Amino acid sequence: EILNGLDTIMGKNGFKGDMKAFVAAFGDVTFVSVASKSLGTKGAGFVVADADYATGIIRVTPNAGTNNIIHEMGHIFDGHLKRYNSETPKFSNAYKDLFNGDSGATKDYGQGNTPTEDFADSFLAVIAYGNQAKNKIDQPRIDNINMLISLYTNAYP
């Protein structure tokens, strides 16, 4: 599932095979296997994966799927620059008016009412659905995620 998620991010809706851009956008990422149900609960279910942008660590349980991996990589992407420069805001904070859970713009992936979750949810939608992401999230979010990816790849959608 981890390899599937990374391959999907590198694919046509993400970094288009540009490994240098991928490394620049995410930095060092470490996946750590943890036991099922060890990450606590959220809503009605158990958390299957989580990420810490400051360390680049993504913890995954055996229940994590490809979309969970992509979502957690969205958190790493969100805070990667802040990891190296504490003065730099996370993308979700820099664009918090756009990635605000209270706006109702996240259709299927809303995990909470925070810009951080909505940023990762929007990243997942764009990577997984590309042009069809507009069925899941609003156009300004799609444009913003594509613009941020383009900053690293020089490949404009």
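These legends accompany close-up views of a predicted model.

**View 1. Phe15 and Phe77 form an edge-to-face aromatic pair.**
The structure holds 12 aromatic pairs. In the pair of Phe15 and Phe77, the ring centres are 6.1 Å apart and the planes stand at 90°. That angle is over 60 degrees, so the pair counts as edge-to-face. Phe15 lies in the loop between helix H1 (2–10) and helix H2 (19–26). Phe77 belongs to helix H3 (residues 66–84). The pair therefore ties together parts that are 62 residues apart in sequence. Phe15 is buried, with a relative accessible area of 0%. Phe77 is buried too, and its relative accessible area is 0%.

**View 2. Phe26 and Phe77 form a tilted pair.**
Here the ring centres of Phe26 and Phe77 are 5.5 Å apart. The planes meet at 40°, so this pair is tilted. Phe26 sits in helix H2 and Phe77 in helix H3. The two residues are 51 residues apart, and their pair links distant parts of the chain. Both Phe26 and Phe77 are buried.

**View 3. Nine residues build one aromatic cluster: Phe15, Phe22, Phe26, Phe77, Phe91, Phe99, Phe119, Phe123 and Tyr152.**
Phe15, Phe26 and Phe77, from the pairs shown above, are among its members. Tyr152 also belongs to this cluster.

**View 4. A lysine charge sits over a tyrosine ring.**
The ring is that of Tyr129. The charged end of Lys136 lies over this ring, 5.2 Å from its centre.

Asp97 is found in the loop between helix H4 (91–94) and helix H5 (115–129). Asp97 and Pro115 are 18 residues apart along the chain. Their C-alpha atoms are separated by 8.1 Å.

**View 5. Three strands make an open sheet with mixed pairing.**
The strand order is S1-S5-S4. Strand S1 (30–33) and strand S4 (49–52) are the edge strands, and each pairs on one side only. On average, neighbouring strands of this sheet are turned by 20° against each other, direction ignored. S1 pairs with strand S5 (residues 57–60) in the parallel sense, over four bridges. Ser33 has Val60 of S5 as its bridge partner.

**View 6. Helix H3 packs on the sheet.**
H3 touches S1, S4 and S5. The direction of H3 makes about 15° with that of S4.

Methods
Residues are numbered from 1 along each chain as its sequence is written. This is a predicted model: local features need pLDDT of at least 70, side-chain atom pairs count only at pLDDT 80 or more; totals for chains, interfaces and linings use all residues. Side-chain values use heavy atoms; hydrogens and water are left out. Rings of Phe, Tyr and Trp (its six-membered ring) pair if their centres lie within 6.5 Å; planes under 30 degrees apart count as stacked, over 60 as edge-to-face and the rest as tilted. Buried means under 20% relative accessible area, exposed over 50%, partly exposed in between (1.4 Å probe, protein chains only). A charge sits over a ring if NZ of Lys or CZ of Arg is within 6 Å of the ring centre and within 35 degrees of the ring normal. Two strands pair if DSSP finds at least two bridges between them. Axes are lines fitted to C-alpha atoms, for helices over the stretch in contact, and angles run from 0 to 180 degrees between N-to-C directions. Contact means heavy atoms within 4.5 Å.
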